[in-house]
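Dear colleague,

Please find below the structure that I am handing over to you. My findings follow it.

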Amino acid sequence: MGQVTIYLDDETEHRLKSAAAAANVPVSRWVATLVKDKTRVSWPDAVRNLRGAWSDFPQLDDLRREVATDVQREPF
């Protein structure tokens with residue numbers, strides 16, 4: 001398991017410790033969870049489980065039916 005050293009100003013350190021205490025977890029676990037959440041490469045299960053939850057959401061074909069012609073882009 002890797003170790004990371006970070007430098008924080010006093011106010012940020014205080015907010016970090018307060019947030020970890022409010023979550024009732026050690027500071028290292030709070031930071032690790034934050035890093036995992038911010039570097040996630042797939043949708044969380046809670047979001048994926050929402051698939052199909054909206055019965056009135058338009059189908060893909062309906063959304064693409066009236067697609068306008070794209071404008072020509074400027075060259076690089």
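The mean positions of the 11 positive and 12 negative charges of the protein chain lie 8 Å apart. Lys and Arg count here as positive and Asp and Glu as negative, while His and the chain ends are not counted; each charge is placed at NZ of Lys, CZ of Arg, CG of Asp or CD of Glu.

This is a predicted model, in which local features need pLDDT of at least 70 and side-chain atom pairs count only at pLDDT 80 or more, whereas totals for chains, interfaces and linings use all residues. Residues are numbered from 1 along each chain as its sequence is written, and side-chain values use heavy atoms, with hydrogens and water left out.

The protein chain has 4 helices and 0 strands (DSSP runs numbered from the N terminus: helices are H or I with at least four residues, strands are E with at least two). The radius of gyration, taken over C-alpha atoms, is 22 Å, well over the 11 Å that the globule rule (2.2 Å times the number of residues to the power 0.38) gives for 76 residues, so the protein chain is more spread out than a compact globule. Its C-alpha trace spans about 55 × 40 × 25 Å along the principal axes.

Buried residues (under 20% relative accessible area, with exposed over 50% and partly exposed in between; 1.4 Å probe, protein chains only) make up 3% of the 76 residues.

One residue deserves a separate note. Asn24 is in the loop between helix H1 (10-22) and helix H2 (27-38). Asn24 has a positive phi of about 60° although it is not a glycine. Most residues other than glycine have a negative phi. Asn24 is also exposed, with a relative accessible area of 70%.

Yours sincerely
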